[in-house]
Structures are given as C-alpha cells and as structure tokens.
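Hi everyone, thanks for coming.

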Amino acid sequence: MIKELYEKVKKTKLENQGNLRVNGVVSLLGWHSTRENEVSRLKKYLQKVRNVGYKQTMLPFWKITPLNEMPQEQWESLCDGCAQCCIIKFEDEDTGRIYHTNVVCELLDIYHCTCTRYAERSALVPTCLTLNPRLIHELKWMPETCAYRLLAEGKDLPAWHPLLSGSADSVHSSGHSVRAKVVSARDIDEEDLPNYVIDDEDEKDE
Ligand code: SF4
Ligand code: SF4
C-alpha cells in the first residue's frame, strides 16, 4: 500500500515535472514566437523609415537647398555651361531694353563654351558679372533657360541640364548653348558690333 502510494506520488511528480517542462517549452516557444513577431514588425518599421529617408536623401541638392545657402561647389555645378550670359548685349538706357548680338566675349572658347580665363574674368572683363543669389533676382536679361534663373523662379532644371543628363555635352546637343551660333569678339571689328544685333530688326534700326 505504501509502496503503491509512493509510486503514485512519484508518477504524479514526474508528470507534473513533464508538464512543467512541456509548458516551459510551450511558453518559451510562445515567447520566441512573440519576439519573432516583434522583430518582424520592427524590421518592417525600419524599412519604412529607411524608405522615407531614402526618398528624402534622393532629392537632388537644388531641390532642398536654397540658392543663398548653397556651398560654392554646388552653386558652381548648377551652371549648365550654355555661355548665353557671355553674349555681348546692348542696353537702351532710356527704356532699359536689352538687345542681344550673336557675338560673344573674346575670352570665350566658342566650341567648348567655357571661359578661357575664368579665374581672372572679373579683372580682365569688367562687364563680366560674378553671379550670386541676389543678382540672379535682379538681372532680367539672364537667359530663360539659365539654371540659376529657373531655380530663382521656383522652376525645375530641364532634362538636358548636365546635372540630370549626366553629360556635359547635353547642353550643346539639345541646342541650348551658344555653340555654332556665335562669333567671337576677337574676330570682328568692335565698331561693327551694332550690326550683329539679332533682336527685333526694326527696333535695331530705330
Ligand atoms: S546663362 Fe546661366 S547656366 Fe548658362 S552659362 Fe550663364 S550662368 Fe551658366
Ligand atoms: S570673361 Fe569669361 S565668363 Fe565673363 S563673359 Fe567673358 S567668357 Fe564669359
């Protein structure tokens, strides 16, 4: 009888321990499964945050940095290299009207549309303006496609802009530079400049 009772208690104990073990595994599995859900949820959340961050950092600098806060390197890179601002112009002092010629500054390399004396341009050509965020709002004669003007007017850069096309040549191949459209001031007589005005012919003769 005592032996039977002992065996019964022992069996019950083992069963309980077994249950405990089983329950322990179950609860461990439950915890593990909960942890997995949490980790999975966290991963999804992080992915979402990363996606948002990715989209934000993918915005080009000219869309997130105002012109007057751009570091010099970014500011310079905005120039599309069209050289339209190197075209010689006349201003009617009475009306303020600007007349464009098809003659460019003598320092311009008319094939590459680059300034041959960029570092000294202001000293060598007093009329050559060094553009800045304030001036771009004031100079009405800047070409409509000038990247600085576009951004100052709240517009986007065109697809042919080298920063978007990835090629410095796209400004020429798209026909937006002065390449093959101008002559150099070096090659003409300064006295003849008025004859090179290409704006309204009637008004030119007035
Ligand atoms: S017009 Fe504007 S974009 Fe074109 S060369 Fe001049 S500064 Fe650069
Ligand atoms: S000095 Fe250079 S940048 Fe200035 S107008 Fe002449 S070519 Fe253009």
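Let's start at Val104: leaving aside residues up to four places away in sequence, Val104 is in contact with Ala83, Cys86, Ile87, Ile88, Ile110, Val178, Val182, Ser184 and Ala185. Do keep in mind that this is a predicted model.

So what does Val104 belong to? The largest nonpolar core counts 26 residues, and Val104 is among those with the most contacts inside it, together with Ala83, Cys86, Leu108, Tyr148 and Val178. Strand 1, strand 2 and helix 6, which covers 147–152, each supply at least two residues of this core. Which of them gives the most? That is helix 6, with five residues.

Three strands form an open sheet in the order 1-2-5, and the pairing is mixed. Strand 1 (87–91) and strand 5 (183–184) each have a single partner strand and stand at the edges, so one side of each has no neighbour in the sheet. Strand 2, residues 98–104, pairs with strand 5 in the parallel sense, over two bridges. Val103 has Val183 of strand 5 as its bridge partner.

On to the ligands. Around ligand 1 there are 13 residues, and the closest are Cys79, Asp80, Cys82, Cys85 and Cys146. By class, that shell has 10 nonpolar residues, two polar and one charged.

Methods:
Residues numbered from 1 in each chain as written. Chains lettered and ligands numbered in written order. Predicted model: local features only at pLDDT ≥ 70, side-chain atom pairs only at ≥ 80, totals over all residues. Near = placed C-beta within 6 Å. Nonpolar A, V, L, I, M, F, W, Y, C, P; charged D, E, K, R; others polar. Pairing = 2+ DSSP bridges. Helix = DSSP H or I, 4+ residues; strand = E, 2+ residues; numbered from the N terminus. Core = buried A, V, L, I, M, F, W, Y, C linked by C-beta atoms within 7 Å. Buried ≥ 20, exposed ≤ 12 C-beta atoms within 10 Å, placed from the backbone. Contact = placed C-beta atoms within 7 Å.
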